[in-house]
Amino acid sequence: MTPQSTKELDQQYIMHTYGRYDVALAKGKGAVAYDEDGKRYIDVSSGIGVNSLGYCDEGWVQAITAQAQTIQHMSNYFYSAQPSQLAEKLCKLTNMSKVCFGNSGAEANECAIKIARKYSFDKYGAERSEIITLRNSFHGRTVTTLSATGQDVFHNYFFPFTDGFSFVEAGDMDALKAAVTDKTCAVMLELIQGEGGVNILDKDYVKALADYCNDNDILVIIDEVQTGVARTGKLFAFQNYGVQPDLFTAAKGLGGGLPIGVCVCGEKLSGVMTPSTHGSTFGANPVVCAGANYVIDTVSDEAFLQEVREKGDYLEQQLRTIPAVKNVRRMGLMVGIEIEQDAHDIAAKCVQNGLLIITAKDVLRMLPPLTITKENIDEAITILKNTLEE
Ligand SMILES: *Cc1c(COP(=O)(O)O)cnc(C)c1O
């Protein structure tokens, strides 16, 4: 048997659910990655906001290694220190009450949907189960979270989808009120639509939405899978908006590179879920939670958050010096870059030129590691500028 390359094996044996860039990444440190041929890249995508502390942060590696050498897994029928400590931190830092653990963003959102529906079922009966979400949203790839996603392109092939979701235009309070019926139990939204193109919701709209929902006992579910864990310069994006959700979810950046999803609820919902109403074999894994504890301890520090905000400001300033950049949509280190050219073409060329960057709809998207240095930002800007001017 002749050994096949990574690319050949991938193309032969992995289902083609992703269009890949022509690069096989082999290792990394901080915001710098290397491919199998040793070529160096600046990474401003961090695995779609997952490697929040960059590649192989020393403290993070130590935290997960120590836990893997102690106990790597136990079932949820036993108490476990790492998830218990993580849950306490998440609740205390966000003024929430209880955490449910899973392994991905989609699972965390499924959990939020289940909690919202059960709260409403217990209080009002089975009829009041509908959830309003926003057009252009993205909530995951399971059948139910696809159903919750407000983009028609996702509502194909996999029929029948889950009933009980309706969609309204973001930013339009009248449309939201018109969509509410006596069957509405929750509104679910991202405060910055990540996959939808880095669309930043208006503060007044979000506040009005939260007030209206609170007045009508309609639950507010904030999907912080992409915006959470210091990405926007606060620990969670809702802390930039001055609202308190009934439920929020987090995933991508939380584990620092290991799979985790959490659904966090406020006081009102803390008694809704009872034994056997939800669960996950891998949820609350101690190695993953050791990584997440390290991430949360690092990024919740006010000085760290301040740096994220400053680096975001600096990155935007530099982007705005590039003539081909039409506009920048940004909060913290979550960045959408409007350009004249086709964003996908430019992203592919950037990758060839040593910059790992992604897109969202028709914008270039940057989700750099929160620990990225100013020098690496400067390198990224230079590559992007040269690529746009090629
Ligand atoms: C990525 C994402 C999800 C889905 O997360 P997975 O871990 O891929 O299941 C859900 N919501 C938002 C806002 C996301 O960005």
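**Entry 1: the buried side.** I asked which residues of α8 are buried in this predicted model. I found Tyr205, Val206, Leu209, Ala210, Tyr212 and Cys213 on that list. Seen down the axis of α8, these buried residues fall within an arc of 165 degrees, so they line one face of the helix. I jotted down a handy rule beside this: an α-helix has 3.6 residues a turn, so residues three or four places apart point the same way.

**Entry 2: the other side.** I then turned to the opposite side of α8, where Asp204 and Asp215 are exposed.

**Entry 3: length and ends.** I checked the span of α8, which covers residues 203-215. Its 13 residues reach 18 Å from the first C-alpha to the last, close to the 18 Å expected at 1.5 Å a residue. At the start of α8, I saw a side-chain oxygen of Asp202 come within 3.2 Å of the backbone nitrogen of Asp204. Just after the helix, Asp217 has a positive phi of about 55 degrees.

**Entry 4: a proline elsewhere.** My last stop was Pro259, which sits in the loop between β11 (247-250) and β12 (261-265). Leaving out residues up to four places away in sequence, I found that Pro259 touches Asn103 and Val288. I also looked up Val168, 91 residues from Pro259 along the chain, and their C-alpha atoms are 31 Å apart.

Notes
Residues numbered from 1 in each chain as written. Predicted model: local features only at pLDDT ≥ 70, side-chain atom pairs only at ≥ 80, totals over all residues. Heavy atoms only, no water. Helix = DSSP H or I, 4+ residues; strand = E, 2+ residues; numbered from the N terminus. Expected span 1.5 Å × (residues − 1). Buried < 20%, exposed > 50% of the residue type's maximum accessible area, 1.4 Å probe, protein only. Arc of directions from axis to C-beta. Polar contact = N/O pair within 3.5 Å; in protein donor to acceptor, adjacent residues only side chain to side chain. Contact = heavy atoms within 4.5 Å.
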